[in-house]
Amino acid sequence: MTEQGQGTAGTVPHVVIVGGGFGGLTAAKKLGKQPVRVTLIDRNNYHLFQPMIYQVATSGLAPADIAAPIRDTLHKQKNTTVLLEEVTDVDTQQQLVLMQNLAPLHYDYLILATGASSNYFGHPEWESNLPGMKTLADGLEVQQTMLGAFEEAEKEPDEQKRKRLLTFVFIGAGPTGVELAAASALHVNHILKGNFQRIGPGDARLILVQGPDRVLPTFHPNLTAKVEKKLKELGVEIIKGVHVTELDEHGVQVGDEYIETDNAFWLAGVKASPAGEWLGAEVDRGGRVKVQSDLTVPGHPNIFVIGDTACVLQDGKPLPGVAQPAIQGGHYVASVIADRVAGREHREPFKYFDKGSMAVVGRTYAVVESGPIHTAGFFGFVMWVFLHIYYLIGYRSRVQVLLTYFFAYFSAFRRKGGSRIIMLGRRQAIPDYPQARTLDKTTG
């Protein structure tokens, strides 16, 4: 690569993007009309609207409602190639991306948007019994676990075992944990009301466990108080200020209390993909690569890291691992590459514009914290629909996507059956989504 950003021996510069999540897909779209070759690599053939996985888990939406084929999204871009592959390493000296089943691929520019997986904080043995909420397979596993628990409880003669089957423990009360617990409360009440002979809504117990002393700890205390009140109205018990210390096949140890359950879900944290190891770069405690102000890796001006894979400091604090920093990072690095290829110097550092934080707590109720706006209730839900969905999805017509999700969300509560099909035994592997419980290396 020359200083002006031209490819090897004067050829068209080759931009390799690893990860088809929010950041990677945004960068690919923005580079679609630039004089470069783009190769996007992902281990999945779809882009996942990750914030809505909990709706799949609670049978509100089908998997196809929250996933879009990457090839369909980029099919009009003549300069773009999509590879369904798993990246295993990066050779920074030779500028090669190493893959599991293909020959190494040379890059002039590399964008790593490889996302994150669930962080079990030193307890990898818990992973097999505590599904998270990071992949589509996770959502399907939670769904099948819950639906299977209802069926087993209906035919279980032993009262103690039946109580264990109908006890659901959600570990972690960030936005994902709160949204899943609230949606599960509605889900359980809806399914158990009149559909079974021996069990009903009053037999289910839903428990939300939080290490810090309040749910949604990054939100304003006034909003978290309203969220806790709403969760309790939905029938969710909240245990705060304690951690899960032990796990066995019959329950979890939460502080001094042992809770018997067959259904515990891990929503307590994430860790970055091994991109930092590939690069030999400095990482933070979560494994995120510490990048410079232009999102490049120190010592490698042609390698960019964005989204959950990057530790980006702004005002002395790391940016949150949500979709908007990834999307804005994708826009930014694409513009930097475009300027370099055109021979222009891009001087402006990356600056994240915070559109706010949001969480849905049951049907038509949400909390929103955006600048001076702190609101909860139906108005918050309307803001969530327009700000959360409209601004996060950019790979199809925004109006079309907005309407699709808006009506799908409401119709999910109206229809009697929902997406309540049991395909597998409880806790079996999801055959359509291989390596579901392993690290998702290339999903941004």
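Modeller: A residue is called buried when its relative accessible area is under 20%, exposed when that area is over 50%, and partly exposed in between, with a 1.4 Å probe and protein chains only. Helices (H or I, at least four residues) and strands (E, at least two) are DSSP runs, numbered from the N terminus. The model is predicted: local features need pLDDT of at least 70, side-chain atom pairs count only at pLDDT 80 or more, and totals for chains, interfaces and linings use all residues. Residues are numbered from 1 along each chain as its sequence is written, and side-chain values use heavy atoms, with hydrogens and water left out.

Colleague: Which residues of H1 are buried?

Modeller: They are Phe-22, Gly-23, Gly-24, Leu-25, Thr-26, Ala-27 and Ala-28. Because 7 of the 9 residues of helix H1 (residues 22-30) are buried, the helix is largely enclosed by the rest of the structure.

Colleague: What is the mean pLDDT of the chain?

Modeller: The term pLDDT denotes the predictor's confidence in each residue, from 0 to 100. The chain has a mean pLDDT of 87, and 86% of its residues reach 70 or more. Over residues 429-444 the pLDDT stays under 50, although the model has 64 contacts (heavy atoms within 4.5 Å) beyond four places in sequence for them. Where pLDDT is low, the predicted coordinates should not be read in detail.

Colleague: In what order do the strands E6, E7 and E8 lie in their sheet?

Modeller: Two strands pair if DSSP finds at least two bridges between them. The order here is E6-E7-E8, an open sheet of 3 strands with antiparallel pairing. Strand E6 (87-91) and strand E8 (105-106) are at the edges with a single partner strand each, so one side of each has no neighbour in the sheet.

Colleague: How many bridges join E6 to E7, and how many join E7 to E8?

Modeller: E6 and E7 are joined by 4 bridges, and strand E7 (residues 96-99) and E8 by 2. Val-87 has Met-99 in E7 as its bridge partner.

Colleague: Which residues form the covered face of E7, and which the uncovered one?

Modeller: In a regular strand the side chains alternate between the two faces of the sheet. In E7, Val-97 and Met-99 form the covered face, while Leu-96 and Leu-98 form the uncovered one.

Colleague: What is the order of the sheet that contains E25, E26 and E27?

Modeller: This open sheet of 3 strands has the order E25-E26-E27, again with antiparallel pairing. Strand E25 (357-360) and strand E27 (373-377) stand at its edges, each with a single partner strand, so one side of each lacks a neighbour in the sheet. Strand E26 (residues 366-370) pairs with E27 over 5 bridges. Within that pair, Val-367 has Ala-376 of E27 as its bridge partner.

Colleague: How do the axes of H4 and H6 cross?

Modeller: Axes are lines fitted to C-alpha atoms, for helices over the stretch in contact, and angles run from 0 to 180 degrees between N-to-C directions. The axes of helix H4 (residues 136-155) and helix H6 (residues 175-192) come within 12 Å and cross at roughly 35°. The contact is made by Met-146, Leu-147 and Phe-150 of H4 with Ser-184, His-187, Val-188, Ile-191 and Leu-192 of H6.

Colleague: Where is Thr-58 found, and what is it in contact with?

Modeller: Thr-58 is in the loop between helix H2 (53-57) and strand E4 (67-69). It counts as buried because its relative accessibility is 7%. Leaving aside neighbours within four places in sequence, Thr-58 is in contact with Leu-180, Ala-183, Ser-184 and His-187.

Colleague: Which value of phi does Ser-59 have?

Modeller: Most residues other than glycine have a negative phi. Ser-59 has a positive phi, near 65°. Ser-59 lies in the loop between H2 and E4 and is buried, with a relative accessible area of 4%. Leu-295 also has a positive phi, about 70°. Leu-295 is placed in the loop between strand E19 (289-290) and strand E20 (296-297), and its relative accessible area of 2% makes it buried.
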